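Biologist: Please take a close look at one part of this model, the sheet, and then relate that part to the rest of the chain. A plain account will do.

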Amino acid sequence: MGESTDNPLNDRQRTATEPSISFLILEAVTAREEINPGDCPPLYDVIDPDALDNLFATTQAGNERHGKVTFQYCGYHITVSGDRTISLDPVTADDS
């Protein structure tokens, strides 16, 4: 009686309250290009969106992840950092 438990949100519950990295990438690209999301190829053509989301999900202890992932998508070098920052750098002819 009178016992309470501290039940932190798990990763699945957390994703319901914050946008996924996959969503944020698509949002950033479409905003930069001023296009509709349907105008971009599927993200899964270049990277596994579920794996990307899991890689940068907050830990059960509530800590941010560390590291970064860079890949090409929709004409940009996309870099996702552990703090969920997304950077877009245009792919140039020299990158081909």
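Predicted model: local features only at pLDDT ≥ 70, side-chain atom pairs only at ≥ 80, totals over all residues.

Modeller: T70 stands opposite T79, a residue of β2. Another bridge partner pair is Q72 and H77, the latter in β2. Residues are numbered from 1 along each chain as its sequence is written, and side-chain values use heavy atoms, with hydrogens and water left out.

β1 pairs with β2 (residues 76-81) in the antiparallel sense, over six bridges. Two strands count as paired if DSSP finds at least two bridges between them. Strands here are DSSP runs of E with at least two residues, helices are runs of H or I with at least four, and both are numbered from the N terminus. The two strands β1 and β2 form a hairpin with two residues between them. In that turn, C74 has a positive phi of about 55 degrees.

On to the next pair: β2 and β3 run antiparallel and are joined by five bridges. Y76 stands opposite P90 of β3. These strands also form a hairpin, here with four residues between them, and R84 in the turn has a positive phi of about 70 degrees.

Taken together, the three strands make an open sheet in the order β1-β2-β3, with antiparallel pairing. β1 (68-73) and β3 (86-90) stand at the edges with a single partner strand each, so one side of each has no neighbour in the sheet. Neighbouring strands of the sheet are turned by 20 degrees against each other on average, direction ignored; the axes behind this angle are lines fitted to C-alpha atoms.

R84 also has a side-chain partner. The structure holds one salt bridge, meaning a side-chain nitrogen of Lys or Arg within 4 Å of a carboxyl oxygen of Asp or Glu. The side chains of R84 and E18 form it, at 3.7 Å from N to O. R84 lies in the loop between β2 and β3, and E18 in the loop between α1 (11-15) and α2 (21-33), so the pair ties together parts that are 66 residues apart in sequence. E18 is partly exposed, with a relative accessible area of 24%; buried means under 20%, exposed over 50%, and partly exposed in between, with a 1.4 Å probe and protein chains only.

Leaving out residues up to four places away in sequence, F71 touches I25, L43, V46, I47, L52, Y76, H77, I78 and V80, where contact means heavy atoms within 4.5 Å.

As for the whole chain, the pattern along the sequence is α-α-α-β-β-β. Of its 96 residues, 26% count as buried.

Conventions:
Axes fitted to C-alpha atoms, helices over the stretch in contact; angles between N-to-C directions.
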